[in-house]
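Me: I would like to go through this protein step by step. Please show the sequence and the structure before we start.

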Amino acid sequence: METVRAKICAESKTVKLVFDIDNYSSLPSKQGDATKSPVMEGAGYKWQLGVYPGGLEADATDDPERAQIRKDCVAVFLYCVGPFPPSKTKFTLRLVNQKGK
């Protein structure tokens, strides 16, 4: 079973979310399967990270090329689960392997 650790560090409006996944290769990896972090609070909002190792399910409006991209690529999302920010939110995503690189 994977271990999920999440923490949050907030200074002003800068928030750092850390979502560690041990044994990534054992996560559910069918297209559309998600692994989500615990809900974390930062900068007055609640956040959650979602990882889709098998990619996203194709949307009915997707052309064949876009549907294939959704299938072939891991997807990672940052969700605001409330209250919702009144303006744009900027975020940077960094994926690090088990060696810290």
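Reply: A definition comes first: a residue is buried under 20% relative accessible area, exposed over 50%, and partly exposed in between, with a 1.4 Å probe and protein chains only. This is a predicted model, in which local features need pLDDT of at least 70, side-chain atom pairs count only at pLDDT 80 or more, and totals for chains, interfaces and linings use all residues. Residues are numbered from 1 along each chain as its sequence is written, and side-chain values use heavy atoms, with hydrogens and water left out.

Me: Is Trp47 buried or exposed?

Reply: The limit for buried is under 20% relative accessible area. Trp47 has 8% relative accessibility, so Trp47 counts as buried.

Me: In what order do the elements of the protein run from the N terminus?

Reply: Helices (H or I, at least four residues) and strands (E, at least two) are DSSP runs, numbered from the N terminus. From the N terminus on, their order is β-β-β-β-β-α-β.

Me: What kind of aromatic pair do the rings of Tyr45 and Trp47 form?

Reply: Rings of Phe, Tyr and Trp (its six-membered ring) pair if their centres lie within 6.5 Å; planes under 30 degrees apart count as stacked, over 60 as edge-to-face and the rest as tilted. By this rule there are three aromatic pairs. For Tyr45 and Trp47 the centres are 6.1 Å apart and the planes are at 70°, so the pair is edge-to-face.

Me: How many residues apart in sequence are the parts that the pair of Tyr52 and Phe77 ties together?

Reply: Tyr52 and Phe77 form an edge-to-face pair, 5.8 Å centre to centre with 85° between the planes. Tyr52 lies in strand E5 and Phe77 in strand E6 (residues 75-82), so the pair ties together parts whose separation in sequence is 25 residues.

Me: Over the ring of which residue does the charged end of Lys36 sit?

Reply: A charge sits over a ring if NZ of Lys or CZ of Arg is within 6 Å of the ring centre and within 35 degrees of the ring normal. The charged end of Lys36 is 4.7 Å from the centre of the ring in question, and that ring belongs to Tyr79. Ring pairs also link Tyr52 and Phe77 into a cluster with Tyr79.

Me: The backbone oxygen of which residue does the side chain of Gln48 reach?

Reply: Gln48 is in strand E5 (residues 45-52), and at 15% relative accessibility Gln48 counts as buried. Contact means heavy atoms within 4.5 Å, and, not counting residues up to four places away in sequence, Gln48 touches residues including Lys36, Phe77 and Tyr79. At 2.8 Å, the side chain of Gln48 reaches the backbone oxygen of Ser37.

Me: How far apart in space are Pro53 and Pro28, C-alpha to C-alpha?

Reply: Pro53 is in the loop between E5 and helix H1 (64-72). Pro28 is among the residues that Pro53 touches. The two are 25 residues apart in sequence, and their C-alpha to C-alpha distance is 7.3 Å.

Me: What is omega for the cis peptide bond that joins Gly82 and Pro83?

Reply: Pro83 is found in the segment after E6. The bond that joins Gly82 and Pro83 is cis, with omega at about -20°.

Methods: Polar contact = N/O pair within 3.5 Å; in protein donor to acceptor, adjacent residues only side chain to side chain.
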